[in-house]
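Dear colleague,

Please find below the structure that I am handing over to you. My findings follow directly after it.

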Amino acid sequence: PKHFIRRAKLQFKICDRIEFMKSGDYVPGTVMKLWPKNDFFAEDGIVPYEVLLDGGTLVFAPWDDDEFIRASDTPPIPVTSFGRGDRVQCKEDIADEW
């Protein structure tokens, strides 16, 4: 079957926004790794993508196919600990004291 044939070039690259099929619905996420090792899905342990879903779950796409993973124009969820206009304190060097 076509699913088990490795493409010379994958559809997506690291940091691409995608939608991943999970429990019958497409869920937005971001490609984190290409060709990661995951013994659960493949005989040789290699799958096309490791994906971080917007909810924080790390998943693996078993095949490079729109049935499992497709392009998305959903913007990423901002990852910040503070809001715009908040006053923050930071270190200039890791060795600096607070």
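Of the 98 residues of the chain, 30% count as buried. Please note that the model is a predicted one. The chain exposes about 7,500 Å², and carbon and sulfur atoms supply 55% of that area.

As to secondary structure, the chain has five strands and zero helices, so that the order of elements from the N terminus reads β-β-β-β-β.

Strand E1 (17–22) and strand E2 (residues 25–34) are antiparallel and share six bridges. These two strands form a hairpin with two residues between them, and Ser-23 in its turn has a positive phi of about 55°. Lys-22 has Asp-25 of E2 opposite it. E1 also pairs with strand E5 (residues 69–71), in the antiparallel sense and over three bridges; here Ala-71 in E5 is the bridge partner of Ile-18.

E2, in turn, pairs with E3 over five bridges, again in the antiparallel sense, and Thr-30 stands opposite Leu-52 in E3. Strand E3 (49–53) and strand E4 (58–61) are linked by four bridges and are likewise antiparallel. Within that pair, Glu-50 has Phe-60 in E4 as its bridge partner. The hairpin of E3 and E4 has four residues between the strands, and Gly-56 takes a positive phi near 105° there.

Which residues make up the largest nonpolar core? There are eleven: Leu-10, Phe-12, Ile-18, Phe-20, Val-31, Tyr-49, Val-51, Leu-53, Val-59, Ala-61 and Ile-69. E1, E3 and E4 each supply at least two residues of this core, and E3 gives the most, with three. In soluble globular proteins, nonpolar side chains tend to be buried together. E3 is also mostly covered, as four of its five residues are buried.

Val-31, a member of this core, deserves a separate entry. Leaving aside neighbours within four places in sequence, Val-31 is in contact with Phe-12, Lys-13, Ile-14, Cys-15, Asp-16, Ile-18, Tyr-49, Glu-50 and Ile-69. Of these contact partners, Phe-12, Ile-18, Tyr-49 and Ile-69 are also listed in the core.

Trp-35 is found in the loop between E2 and E3. Is Trp-35 buried, partly exposed or exposed? Its relative accessible area is 30%, and Trp-35 is therefore partly exposed, given that the buried class ends under 20% and the exposed class begins over 50%.

Lys-9 lies in the segment before E1. Because its relative accessibility is 70%, Lys-9 counts as exposed. In sequence, Lys-9 and Asp-64 are 55 residues apart, while in space their C-alpha atoms are 9.8 Å apart.

With kind regards

Notes
Residues are numbered from 1 along each chain as its sequence is written. This is a predicted model: local features need pLDDT of at least 70, side-chain atom pairs count only at pLDDT 80 or more; totals for chains, interfaces and linings use all residues. Side-chain values use heavy atoms; hydrogens and water are left out. Buried means under 20% relative accessible area, exposed over 50%, partly exposed in between (1.4 Å probe, protein chains only). Accessible areas come from the Shrake-Rupley method with a 1.4 Å probe; for residues, only the protein chains shown count as cover. A nonpolar core is a set of buried Ala, Val, Leu, Ile, Met, Phe, Trp, Tyr and Cys residues joined through side-chain atoms within 4.5 Å. Contact means heavy atoms within 4.5 Å. Two strands pair if DSSP finds at least two bridges between them.
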